[in-house]
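Dear colleague,

I am passing on the structure below, followed by notes on what was found in it. Please read the notes with the structure open beside them.

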Amino acid sequence: MAISKNDTSEFQTIVENSKDGILIVDKKSIIRFVNPAAAVFLNKKPDAILDTPFPYPIKQDAAIEMNLIRHNGQPGTGEIQVADIHWENKDAYLITIRDITERVIYDRLKDEFVSNVSHELRTPLTSMRESVSQVYDGILGDVNETQQRYLSICIKNIDRLRKIVNELLDISKMEAGKIQLQKSKDDLIEIVRASSEVFMPVLKKRKLDFDISLPDKSFPVYVDRDRIIQVMNNLLGNATKFTLEGKIHVAVAKKNGNYHCSVSDTGEGISKEELPLVFDKFKEFEKSTRPGETGSGLGLAISKKIVELHYGIIQAESEEGKGSIFTFQIPQYSPLLVVRDFVDERLKQSNESFWLYHVCINDLDSIIPMVGADEIQGAGKKIESRLQNMGKHIRPVFIEPNEIIAFAEEYPETELQFKTKLFRLVKEIYFDVADAEIDFTYGKANFPSDGQLSETLWKICNDQMISETRERMEKYILVVDDIVELTEQVQILLEHFGYQHVDIANSGQGVFDYIQNNNRVPDLLILDMKMPGMSGYEVIGRLKESHKTKDMPVLIMSGYEVEMGRLFDYISHRAILTINKPVQPELLRKMVYFLI
Amino acid sequence: MPKILIADDDADILMLIGSRLRANGMETIEVSDCNQAIKMAYAEQPDLILMDIRMPKIGGVKAFDCLKMYSTTEKIPVIFITAYPGKEVEATVREMGAADFIAKPFTTEELLDKINRALKAMGRYHSES
């Protein structure tokens with residue numbers, strides 16, 4: 001389905017011969033046009049690319065890196081950029097892929113160089129500091145005041161060099177994307193308070209007013225605590241350094257779903273010319289004739305990077321001679337933040353499809369008074385650790401007592417297998433806590449079919465949530481026993497519980513007739529083991545053989561000892577529970593709740 | 001008076017740390033490679049070992065493993081000196097059972113503080129600092 005090429009042949013020449021890859025992708029992410037360079041990069045023939053989904057996330061505001069095959073046949077790195085266009089009367093995307101392999105190699109070499117040099121500087125700095133400070137300390141004999149003064153200049157500058165080396169390493173790692181932020185849920189107010197209090201003695205000594213106005217609340221955020229403290233130390237350190245008299249004011253406020261933290265001072269301020277450059281690297285302005293430690297010129301650049309890695313923004317306002325206000329904002333804690341970091345990290349490692357499942361427990365409020373918050377927290381922890389132990393393809397993303405987000409690769413287990421495992425886990429853990437069935441809703445999203453950006457996937461997981469209870473009641477149950485009254489009894493009970501589709505069979509063969517006649521595999525089989533003709537064991541054996549039925553959950557009804565040994569082969573493949581005859585209604589209800 | 005074994009292949013660092021510790025009321029034994037470190041640890045039974053991670057012959061980590069194998073030396077707290085600090089190094093060091101680590105370049109206060117803490121943890125408290 002080629003796009004009508006009604007362009008002039010000159011433009012065609014440009015596009016066909018460009019060394020950059022050019023593609024046109026429609027709003028559904030399907031590739032409608034591909035030029036030869038793009039085909040080379042994607043390592044496929046143009047025919048194999050047209051009308052297939054574009055294999056990378058489509059982001060208008062950011063360039064995305066991906067692996068490609070270069071024109072010389074070697075593997076390399078490419079950069080994708082997206083522009084919005086109008087194509088054949090509809091909105092579409094113009095996507096370019098550029099070979100940036102050389103740039104990436106250069107960047108890596110540069111980072112390695114900075115890293116090596118920084119490390120090499122560390123050992124000589126140690127010897128320098130130790131030898132000079134031992135003389136200064138009088139260990140090698142008396143030292144007069146003048147000598148001490150000169151030696152202290154040396155020590156001070158060694159410390160400054162040390163700081164520069166550490167900060168250089170820090171920022172080069174951050175820019176290389178090598179910094180692993182350890183984010184967790186935390187309270188911004190508490191972090192700001194703790195880091196501000198450290199400065200109180202210093203400000204008192206310098207006779208500066210220190211005004212810390214923090215609301216008596218908590219502002220939950222998703223941050224790497226040490227790094228935010230680093231930002232606060234930088235801002236407060238600067239305010240202290242550049243303020244001779246007056247006051248420093250720290251405030252935190254909530255605005256539009258973000259938390260804003262500002263550090264203002266009545267110091268010397270920053271000129272109009274220098275203000276736009278204040279966050280650039282090595283911009284230590286000539287005016288810094290302050291006593292005390294001198295900076296490296298990297299502090300604000302590092303702070304900016306840290307704030308940006310937290311999806312925040314940092315800004316500066318200032319008036320020369322009057323003072324400055326530095327403000328940074330960070331988003332409020334939300335599952336989206338956790339999901340976004342998780343998905344972005346995952347997409348860095350692989351493009352394989354995966355599922356996100358979002359489960360919301362609805363009646364926690366009614367359970368909590370009876371059970372207690374600690375037990376509920378414990379339930380959350382249990383869920384987290386069980387999910388972690390389910391195998392490398394399943395991972396917990398976000399676990400709060402009333403909200404669970406779990407991730408699963410599309411292979412090796414199917415979506416249904418993952419969903420079943422997840423739901424059974426939630427039901428089991430919460431049944432333990434609440435001693436009752438819990439009601440929950442769930443949403444799900446698949447990458448890449450439902451979307452390719454973490455925000456999109458989250459929106460889908462969140463917007464279209466389904467009630468598990470209602471879904472369960474619509475499932476198909478087949479009750480099988482040669483004793484007709486018994487099957488009817490169970491059927492009546494199940495319908496009383498709310499199950500809408502309960503059918504009956506009276507023999508083993510009846511199971512397969514049902515499957516054949518209705519062209520449907522039941523969601524749950526309630527099965528008697530001792531039946532004339534085909535026994536329950538045989539039924540289970542035959543179900544195991546077919547790919548369509550091998551995962552069917554089975555509830556075995558038995559008035560006799562079930563020969564579990566005969567079933568061991570099959571138990572690992574699907575859930576099998578047993579219930580004794582005569583069937584107790586509450587027990588039946590619970591078992592069906594778990595199995596289906 | 002606590003006895004500290006210092007192992008570092010850089011002669012300047014070795015001398016400087018030695019003189020600093022002695023000025024703070026500690027006895028020191030200085031060695032410049034791993035084999036010497038193991039030998040002296042065994043012979044002298046120091047209260048603490050300060051060991052550079054990167055040293056010639058078998059390297060600080062292997063030397064540490066050796067010390068862990070002998071009953072007479074396995075309990076001696078070891079503080080690693082490294083020019084390459086980072087969360088990974090920190091985790092490795094703790095996992096291995098070292099008492100602590102200190103990153104170059106360090107200040108005197110840091111060094112003495114870590115030594116005192118490690119000694120205290122072992123019940124061999126040194127009151128001067």
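**Notes on the model**

Arg225(A) lies in helix H8 (residues 225-242) of chain A, where helices (H or I, at least four residues) and strands (E, at least two) are DSSP runs numbered from the N terminus. This is a predicted model, in which local features need pLDDT of at least 70 and side-chain atom pairs count only at pLDDT 80 or more, while totals for chains, interfaces and linings use all residues. Residues are numbered from 1 along each chain as its sequence is written, and chains are lettered from A and ligands numbered from 1 in the order in which they are written.

Arg225(A) counts as partly exposed because it has 18 C-beta neighbours inside 10 Å (buried means 20 or more other C-beta atoms within 10 Å of the residue's own, exposed 12 or fewer, partly exposed in between, with C-beta atoms placed from the backbone). Leaving aside residues up to four places away in sequence, Arg225(A) touches Asp186(A) and Ile191(A), a contact being two C-beta atoms, placed from the backbone, within 7 Å.

Two cis peptide bonds deserve a look: one runs from Tyr411(A) to Pro412(A), with omega near 0°, and another joins Phe447(A) and Pro448(A), with omega about 5°. Pro412(A) sits in the loop between strand S15 (403-409) and helix H13 (415-434) of chain A.

Glu88(A), although not a glycine, has a positive phi of about 50°, and with 11 C-beta neighbours inside 10 Å it counts as exposed.

For the complex, the predictor gives an ipTM of 0.73 and a pTM of 0.68.

With regards
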